[in-house]
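Student: I have a new structure to read. Please show me how to go through its features.

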Amino acid sequence: MAFRKAMKGAVLVGGGAVATVFALSQLSQYRKKHSHLVSVEASECKPLQMHRSLPTREHQLQALQQTSEFDVLIIGGGATGSGCALDAVSRGLKTALVERDDFSSGTSSRSTKLIHGGVRYLQKAIMKLDFDQYRMVKEALHERANLLEIAPHLSSPLPIMLPVYKWWQLPYYWVGIKLYDLVAGSQCLKSSYVLSKSKALELFPMLQKDRLVGAIVYYDGQHNDARMNLAIALTAARYGAAIANYTEVMHLLKKTDPNSGKSHVCGARCRDVLTGQEFDVNAKCVINATGPFTDSVRKMDDQEVLNICQPSAGVHIVMPGYYSPDNMGLLDPSTSDGRVIFFLPWQKMTIAGTTDTATEVTHHPIPTEEDINFILTEVRNYLSCDVEVRRGDVLAAWSGIRPLVTDPNSKDTQSISRNHVVHVSDSGLVTIAGGKWTTYRSMAEDTIDAAVKAHGLKAGPCKTSGLLLQGAEGWSPTLYIRLVQDYGLESEVAQHLSNTFGDKAFEVAKLAQVTGKRWPIVGKRLVSEFPYIESEIEYGIQEYACTAVDMIARRTRLAFLNVQAADEALPRIIEIMGKRLKWSEQKKKEQLEEAKKFLYYEMGYKARSEQLTDRSEITLSPRDIERYKKRFHMFDKEGKGFITILDVQRVLESINFQINESALHEILTEVDLNKNGQVELNEFLQLMTAIQKGSISGSRLAVLMKAAEENICRREVISVDRSGGGLGK
């Protein structure tokens, strides 16, 4: 207590004045907005009619083609575009949305998974007396509270620790974090607090303890971003919006006003990417909500228009869950180059990121080895030296492109804020650009307000503040217990279904197949270490999943959690989808190749596999080389200099260990660097070198061979003891 009182006393004078100015300047505005949030007008929400069943994609495409004219056509199925669709349809507007790829296939599925106001933006607002930055943080904190309310199954508060290694930083950071609480007002999730060094290490034992002074813990929100995006889009569809993924805009439609002679955007020529069929969608207003591709759509309207977006790449990596506590994140506010790094538990794994570098816009952003190593280096700086941070523990990596609004006075992307801009062109194209995940709803509200005003649309006020998303209405934290009791699902699987589908989890459970085991009764897992079950693939098709990539990346999150596990699940996923969607054998083969390519380039499999190449240097000690040679020769009994599947099978059978041939083939292929169907001694030594360096972890062949060696040696020792022990006496 004395520690806290002393620290608080040191900052009262400096922090009090600033806090008062910022808090009181917006108090009346805050109360007005807050009252609107907590008392969503029931009378406004009652007229909305939700479809009990979700229209199929075919029905949605028919609606797009057969409707004579929509009020609004939204291009882009990310968080902002889907938010615009929900906002528009809930106001009574006839709404359409098209997405070239899958819903949330771009930036919206590749975030840090935080729902936050932006601690660093508040710092900039205070240091630079930037009222716009302050207002953005305030808006984001309001939206944070709303998102946690409308999708409680997909989001939750998360405590985040800010470790302090210099005494003067403790009051400095404390003032900033307390201001963050103060700006949130009654929407503050939980009050921040100060920890002593010992308490900080108790809650986060992996933390670097040398020079640690203490820590400050504050709260933000966390969510399943791709699933949240999908929930927004599906809610819009259930309220009557015609939405279609894999529907590309070829060009904008225009018509000329006979009175003024000016041309106006009146729709878009679209193409079904899956069939190649082209058709027109007519609309009174077209909204461009394409994130990083904002300028490409604007140039469809006017080739001479100047770019307004500056894309920035953010790379994240996923590491095993043991790198962080189950329910405590970490913020490093001062990395080696001034960027902020988060270290967060997510889906029982650990996310670390993000980088922030200027980039070119691409549909397929690729995480680079340079960015991955930068994050690993920063992680090593604030984790205990007892924790070996290994390159081989990077289970997945991805790059997301943020659509930041260009500030002509800025020199780097770090200084660009995430304020959003709504622009209406001379021809009536409405563009929403910038912003961030947390503020998608308010961005959509501003966009539809602008569309209504610019095009004279007849619409009511915004109704999305407090409007529950799909799955939220009948959800409770204990819903998973009913799934266990009623269907015989594993508890872990039931919790996953509840926290992913909300009250729709029962529909997924009904599709689950009987396992044939005593327990669980139903629910066959796609891979053993993750709670995803096969019936989710069936249900995912109902939710507009069209490809294997949709399943591994967005309907489940396997690709974002473990690329090898996703790769392992692919054959079964494609088998289920192929049967339901009537895919030919050629189509199945194409889907497998496309999904493997996605994992290899976009999810970090390439960067992971390149840690072991046929040019890898062997740096083992002479003693280790002899030890590993001995292990290798236990399998290469004929002295060929290489081992094959037959060699491994023979040894495993001798110790009564069973493994199927296809799995064994995969295990050897991981190490077969020259791809000649056999593992040579040099390749095995390169593997063991990579394992020692930490650039590779979890090699199945290395573990298998070590286990076999130990088993054989143990058996030989037992055999000698039993046959000769005491007989020579």
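The dialogue below takes up a few features in turn.

Student: What kind of model is this?

Tutor: This is a predicted model, where local features need pLDDT of at least 70, side-chain atom pairs count only at pLDDT 80 or more, and totals for chains, interfaces and linings use all residues. Residues are numbered from 1 along each chain as its sequence is written, and side-chain values use heavy atoms, with hydrogens and water left out.

Student: Is Leu147 buried or exposed?

Tutor: Buried means under 20% relative accessible area, exposed over 50%, and partly exposed in between (1.4 Å probe, protein chains only). Leu147 has a relative accessible area of 2%, so this residue is buried.

Student: Where does Leu147 lie, and what is it in contact with beyond its sequence neighbours?

Tutor: Helices (H or I, at least four residues) and strands (E, at least two) are DSSP runs, numbered from the N terminus. Leu147 lies in helix α7, residues 131-150. Contact means heavy atoms within 4.5 Å. Setting aside neighbours within four places in sequence, Leu147 touches Ile115, Ser155, His223, Met228 and Tyr440.

Student: What about Pro152?

Tutor: Pro152 sits in the loop between α7 and β4 (155-164). Its relative accessibility is 25%, so Pro152 counts as partly exposed. Beyond neighbours within four places in sequence, Pro152 is in contact with Ala472 and Trp475. From Pro152 to Ala472 the C-alpha distance is 6.5 Å, although they are 320 residues apart in sequence.

Student: How many residues does helix α12 have, and what span should they give?

Tutor: The expected span of a helix is 1.5 Å times one less than its number of residues. Helix α12 (residues 369-382) has 14 residues and should therefore span 20 Å; its end C-alpha atoms are 21 Å apart, which agrees.

Student: Which elements do the buried residues of α12 pack against?

Tutor: The buried residues of α12 include Ile372, Phe374 and Tyr382. The buried residues of this helix pack against β11 (309-319), β12 (329-332), β13 (341-346), β14 (349-353), β16 (396-405) and α22 (605-609).

Student: Which residues does the UniProt annotation "domain: EF-hand" cover?

Tutor: UniProt positions are given in the numbering used here, feature names are shortened, and annotations may be inferred rather than shown by experiment. According to the unreviewed UniProt entry, the annotation covers residues 623-658 and 659-694. In the model, residues 623-658 are 64% helix and 6% strand, with end C-alpha atoms 32 Å apart. Residues 659-694 are 61% helix and 6% strand, and their end C-alpha atoms are 27 Å apart.
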